[in-house]
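Let's take a walk through this protein chain together. Have the sequence and the model open side by side, and follow along as we go.

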Amino acid sequence: MEFKLLRVFIEVVRQGSFSKAAETLFATQSTVSKAIKQLEEELGMPLIERFKKNNVPTNAGEIVYRRGLKLIADRDDLLKELDELRGLKQGRLRLGISPVGSSTLFAPLFARYNQLYPGIEVELIEHGSDKLAECLRAGEIDFAGTLLPIPEEFDCQPIRSEPLVALLAATHPLAMRSSISLSELKEIPFILFGSGFALHRMILDACHRGGFEPKIVAQSSQIDFMLELVSAGLGVAFLPRMIAMQRQRSQINALLLKDEELQWNMAVTWRRNSFLSEAAKAWLTLVRELHVT
């Protein structure tokens with residue numbers, strides 16, 4: 001079984017579409033279709049259910065997808081370990097970061113790392129925590145900045161813990177309070193990060209525990225855009241206190257959320273028992289030395 005066929009198959013499953021997978025892989029749709037057909041013929045069974053609007057894996061496809069992720073990650077580990085044995089002088093570090101809080105938490109680390117190891121190339125990938133976990137699982141990145149809790153297959157180093165605040169237009173009747181519970185906001189439209197962000201899921205889970213379904217008026221990955229919507233009185237948004245304080249605006253008030261489970265716990269995560277290159281080990285050492293909880 002060729003790894004390139006596995007990579008194509010995995011991307012088709014991720015995208016749910018041959019055409020979208022082709023765009024991601026910088027290939028033609030015909031090339032992607034041929035690769036899937038070749039893999040199906042080699043394994044002797046269909047791997048993809050082909051529907052008009054979406055393509056989903058068969059039962060066999062689910063198995064190949066799950067095992068394929070691990071095979072590719074293990075192969076990448078093998079190549080990295082052999083590079084270390086060859087005495088690779090210049091390495092590469094692949095980091096996944098979230099748009100939420102990355103400039104504050106990781107920029108100083110990047111600067112210090114570059115100062116200590118100028119020969120190491122740092123590749124940054126930006127996604128929400130859920131997507132970063134998927135990239136980490138597939139071995140596409142060495143580390144990810146994700147919210148806790150994490151799956152058991154990962155290890156982590158906590159780096160920051162912050163309470164969440166609710167952001168309301170200063171003219172809102174509730175805006176003069178210093179703290180508020182999530183249930184007291186249930187009649188106000190919610191402005192949330194997109195569904196690929198762990199913070200999105202965290203807020204919705206807390207709402208469901210409180211027995212209500214919020215009205216979501218907007219979703220975005222851009223903090224400044226969300227703050228503009230709050231300033232305009234469109235609804236309530238939620239941010240870690242640290243980030244909200246950095247973006248203070250006279251038109252917006254920040255109210256501490258009383259709900260204890262709504263804590264923003266950021267950590268650097270990596271695959272448990274995976275091979276860590278010298279570049280990766282150096283990054284982890286620096287994180288442990290400089291982390292602030």
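This is a predicted model: local features need pLDDT of at least 70, side-chain atom pairs count only at pLDDT 80 or more; totals for chains, interfaces and linings use all residues.

Before we count anything, a word on what makes an aromatic pair: rings of Phe, Tyr and Trp (its six-membered ring) pair if their centres lie within 6.5 Å, and planes over 60 degrees apart count as edge-to-face. With that in hand, a search of the whole structure turns up six aromatic pairs. One of them is Phe 143 with Trp 270: the ring centres are 5.9 Å apart and the planes sit at 75°, so this pair is edge-to-face. Phe 143 belongs to strand S5 (residues 143-147) and Trp 270 to strand S12 (residues 263-271), so to speak a link between distant parts of the chain, 127 residues apart. Both Phe 143 and Trp 270 are buried. Elsewhere, Phe 106, Phe 110, Tyr 113 and Trp 283 form one aromatic cluster.

The protein chain has 10 helices and 12 strands, and its C-alpha trace spans about 65 × 50 × 30 Å along the principal axes. Of the 293 residues, 47% are buried. If you take contacts between residues at least 6 apart in sequence, 75% of them join residues at least 24 apart.

Next, have a look at helix H6 (residues 129-137). Which of its residues are buried? They are Ser 129, Leu 132, Ala 133, Cys 135 and Leu 136. These residues cover an arc of only 160° around the axis, which puts them on the same side of H6. What lies over them? The cover includes strand S3 (92-97), strand S4 (121-126), S5, strand S6 (154-169), helix H7 (198-209) and S12. So S5 and S12, the strands that hold Phe 143 and Trp 270, both turn up again in the cover of the buried residues of H6. After H6 comes Gly 139, which has a positive phi, near 75°.

Leu 148 and Pro 149 are joined by a cis peptide bond, with omega about 0°; Pro 149 lies in the loop between S5 and S6. Then jump to Asn 273, which is not a glycine but still has a positive phi, about 65°. Asn 273 sits in the loop between S12 and helix H10 (278-290). Is Asn 273 buried or exposed? Its relative accessible area is 76%, and the cut-off for exposed is over 50%, so Asn 273 counts as exposed.

Staying with S12, find Gln 263 in that strand. At 26% relative accessibility, Gln 263 is partly exposed. Not counting residues up to four places away in sequence, Gln 263 touches Ser 161, Glu 162, Pro 163 and Met 202. With Ser 161 there is also a polar contact of 3.2 Å between the side chains. Leu 284, by contrast, is 21 residues from Gln 263 in sequence and 24 Å away in space, C-alpha to C-alpha.

Our last stretch is towards the start of the chain. Glu 40 is in helix H3 (residues 29-43), and at a relative accessible area of 12% Glu 40 is buried. What does its side chain pair with? A polar contact of 3.2 Å joins the side chains of Glu 40 and Arg 50. Leaving aside neighbours within four places in sequence, Glu 40 is in contact with Met 45, Pro 46, Leu 47, Ile 48 and Arg 50. Some of those names come back at Thr 58, which contacts Pro 46, Leu 47, Ile 48 and Glu 49, again leaving aside neighbours within four places. Thr 58 is in the loop between strand S2 (55-57) and H4, and with 12% relative accessibility Thr 58 counts as buried. Further on, in helix H4 (residues 59-85), you'll find Leu 82, partly exposed at 33% relative accessibility. From Leu 82 to Asp 142 is 60 residues in sequence and 16 Å in space, C-alpha to C-alpha.

Key: Residues are numbered from 1 along each chain as its sequence is written. Side-chain values use heavy atoms; hydrogens and water are left out. Helices (H or I, at least four residues) and strands (E, at least two) are DSSP runs, numbered from the N terminus. Buried means under 20% relative accessible area, exposed over 50%, partly exposed in between (1.4 Å probe, protein chains only). Rings of Phe, Tyr and Trp (its six-membered ring) pair if their centres lie within 6.5 Å; planes under 30 degrees apart count as stacked, over 60 as edge-to-face and the rest as tilted. The arc is that of the directions from the helix axis to the C-beta atoms. Contact means heavy atoms within 4.5 Å. A polar contact is a pair of N or O atoms within 3.5 Å; within protein, one must be able to donate a hydrogen and the other to accept it, and residues adjacent in sequence count only if both atoms are side-chain atoms.
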